[in-house]
Amino acid sequence: SVAKRKIEPLPRQFFAEMIKLEIAFRNDKFTVDTLEDLTQYYAKCVEYYDNIKDAISAYFLYKIQDTLATKESLKKLIDSQAEEARRNSKTAPRRKPRKISD
């Protein structure tokens, strides 16, 4: 028989950190990193509550979707991707044009 693995509860500090990120997000004082961190916290909650068969996991799944679907989040993500593309285009090695043979 397979021994049941004890699932450790999420620590209080975890929720304290998640609340700080939520406050920053709700006050529009967030970066893409804040957004990524917050969705990772929510994902950890989904995983934990799914494992212990608690239906509240659906709430945290909704929080992921709701957080990523805001106009502000989408704008930050798009701006971040555009900035990364600009940086990559500046650092990418330039290819010499091929000579066209007769």
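**View 1. The length of helix α2 in the predicted model**. Helix α2 runs over residues 32-51, and at 1.5 Å a residue its 20 residues should span 28 Å, which agrees with the 28 Å that lies between its end C-alpha atoms. The expected span is 1.5 Å times one less than the number of residues, so the steps between residues are what is counted.

**View 2. The two ends of helix α2**. At the start of α2, the backbone nitrogen of Asp33 has a side-chain oxygen of Thr31 within 3.2 Å of it. Just after the helix, Lys53 adopts a positive phi of about 60°.

**View 3. The buried residues of helix α2**. Buried residues in α2 include the tyrosines Tyr42, Tyr48 and Tyr49, together with Val32, Leu35, Leu38, Cys45 and Val46. Thr34 and Thr39 are buried in this helix as well. For the protein as a whole, 25% of the 102 residues count as buried.

View 4. Of the contacts between residues at least 6 apart in sequence, 59% join residues at least 24 apart. The protein exposes about 8,600 Å², of which carbon and sulfur atoms supply 54%.

**View 5. Confidence in helices α3 and α4**. The mean pLDDT of the protein is 88, and 84% of its residues reach 70 or more. Confidence is highest in helix α3 (residues 57-68), at a mean of 97, and lowest in helix α4 (residues 71-91), at 88. Where pLDDT is low, the predicted coordinates should not be read in detail.

Technical notes. Residues are numbered from 1 along each chain as its sequence is written. This is a predicted model: local features need pLDDT of at least 70, side-chain atom pairs count only at pLDDT 80 or more; totals for chains, interfaces and linings use all residues. Side-chain values use heavy atoms; hydrogens and water are left out. Buried means under 20% relative accessible area, exposed over 50%, partly exposed in between (1.4 Å probe, protein chains only). Contact means heavy atoms within 4.5 Å. Accessible areas come from the Shrake-Rupley method with a 1.4 Å probe; for residues, only the protein chains shown count as cover. Helices (H or I, at least four residues) and strands (E, at least two) are DSSP runs, numbered from the N terminus. A polar contact is a pair of N or O atoms within 3.5 Å; within protein, one must be able to donate a hydrogen and the other to accept it, and residues adjacent in sequence count only if both atoms are side-chain atoms. pLDDT is the predictor's confidence in each residue, from 0 to 100.
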